[in-house]
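Have the model open as you read.

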Amino acid sequence: MSEGILLAPVARGTLLPAAERLARLDEALPRIRAVLDGETDAVALEATLACLLWETLVQTSWCGFYRRVDERTLAVGPYHGTMGCLRIDFARGVCGAAARTAEIQLVPDVALFPGHIACDDATRSELVLPLVIRGRVEAVLDLDSIHLDAFTRDEAQRLATLLADAFASARF
Ligand code: SME
């Protein structure tokens with residue numbers, strides 16, 4: 001049986017203090033990079049990242065990917081958590097904003113985000129990162145939490161670097 005990346009067990013849903021979250025992420029990152037090293041299949045990368053980031057980011061209630069399937073539509077990809085919406089138009093929600101603008105969306109309180117999609121009513125905050133490959137948004141990494149203010153700029157920056165490196169040679 002695989003033991004994942006062997007981080008200290010923390011109860012699912014716990015919102016650790018920001019400094020502890022960052023330390024946990026920094027501990028996980030080299031292990032995640034080692035696991036992904038050499039893989040170029042986009043689904044294999046997405047599925048493994050959904051698994052390992054779910055283990056790392058214990059504040060998440062949804063952790064995974066939406067994939068671009070045409071010029072303005074995302075379809076759900078590999079994830080862990082509560083059931084997600086199957087399709088999201090680029091015009092809608094936090095994921096749509098990330099896909100449309102190709103910019104990181106850090107939303108400390110989804111109630112204040114116009115057009116937020118409530119796939120899960122319990123979601124209170126989100127971090128969505130666009131996956132921009134050779135100038136085109138191919139997917140987004142969606143992280144949701146039942147806690148307000150569950151993600152920081154530092155976490156976003158670490159994850160953006162990880163995604164850029166992991167998917168640099170990926171085939172979609
Ligand atoms: N985070 C989303 C919706 C997707 S689900 O909650 C899994 C959004 O508002 O874009």
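Let's begin with the largest cavity: 19 residues line it, and Ile 117, Cys 119, Glu 126, Asp 142 and Asp 144 lie nearest its centre. A cavity here is a set of points, on a 1 Å grid over the protein atoms alone, where a 1.4 Å probe fits but cannot get out, and a lining residue has an atom within 4 Å of a point. Strand S1 (60–70), helix H3 (93–101) and strand S6 (136–145) are the elements that give two or more residues to the lining of this cavity. Of the elements, H3 gives the most, with 3 residues. Helices are DSSP runs of H or I with at least four residues, strands are runs of E with at least two, and both are numbered from the N terminus.

Before going further, a word on the source: this is a predicted model, where local features need pLDDT of at least 70 and side-chain atom pairs count only at pLDDT 80 or more, while totals for chains, interfaces and linings use all residues. Residues are numbered from 1 along each chain as its sequence is written, and side-chain values use heavy atoms, with hydrogens and water left out.

**The two cavities**

The count comes to 2 cavities of 30 Å³ or more. Volume means the space filled by probe spheres set on the grid points, which are joined across faces, edges and corners. In sorting the linings, Ala, Val, Leu, Ile, Met, Phe, Trp, Tyr, Cys and Pro count as nonpolar, Asp, Glu, Lys and Arg as charged, and the others, Gly among them, as polar.

| Cavity | Volume | Lining residues by type |
|---|---|---|
| Largest | about 170 Å³ | 10 nonpolar, 5 polar, 4 charged |

Which residues line the second largest cavity? They are Leu 16, Arg 21, Arg 24, Thr 56, Leu 57, Val 58, Gln 59 and Glu 155.

**The overall build**

The chain has 4 helices and 6 strands, and from the N terminus on the elements run α-α-β-β-β-α-β-β-β-α. Its radius of gyration is 15 Å, close to the 16 Å that the globule rule gives for 172 residues, so the chain is as compact as a globular protein of that length. That radius is taken over C-alpha atoms, and the rule is 2.2 Å times the number of residues to the power 0.38. Along the principal axes, the C-alpha atoms fill a box of roughly 40 × 35 × 30 Å. Buried residues make up 47% of the 172; buried means under 20% relative accessible area, exposed over 50%, and partly exposed in between, using a 1.4 Å probe and protein chains only.

**The cores**

In soluble globular proteins, nonpolar side chains tend to be buried together. The largest nonpolar core in this model has 31 residues, of which Ile 32, Leu 49, Leu 53, Leu 143, Leu 159, Leu 163 and Phe 167 touch the most other members. A nonpolar core is a set of buried Ala, Val, Leu, Ile, Met, Phe, Trp, Tyr and Cys residues joined through side-chain atoms within 4.5 Å. Helix H1 (18–36), helix H2 (42–56), S1, strand S5 (125–133), S6 and helix H4 (153–166) each supply at least two residues of this core. Apart from it lies another core, of 18 residues, including Phe 90, Val 107, Val 137 and Val 140.

For a closer look, take Leu 49: leaving aside neighbours within four places in sequence, it is in contact (heavy atoms within 4.5 Å) with Ile 32, Leu 36, Trp 54, Phe 65, Leu 162, Leu 163 and Phe 167.

Now try Val 128, which lies in strand S5. Is Val 128 buried or exposed? At 0% relative accessibility, Val 128 counts as buried.

**Two residues with positive phi**

Most residues other than glycine have a negative phi. Ala 102, in the loop between H3 and strand S4 (105–107), has a positive phi near 60 degrees. Ala 102 is partly exposed, at 35% relative accessibility. Arg 134 sits in the loop between S5 and S6, with a positive phi of about 50 degrees. Arg 134 is exposed, its relative accessible area being 65%.

Notes. On a 1 Å grid over the protein atoms alone, a cavity is a set of points where a 1.4 Å probe fits but cannot get out, and a pocket is an open set with protein on both sides within 12 Å along at least five of seven lines; lining residues have an atom within 4 Å of a point.
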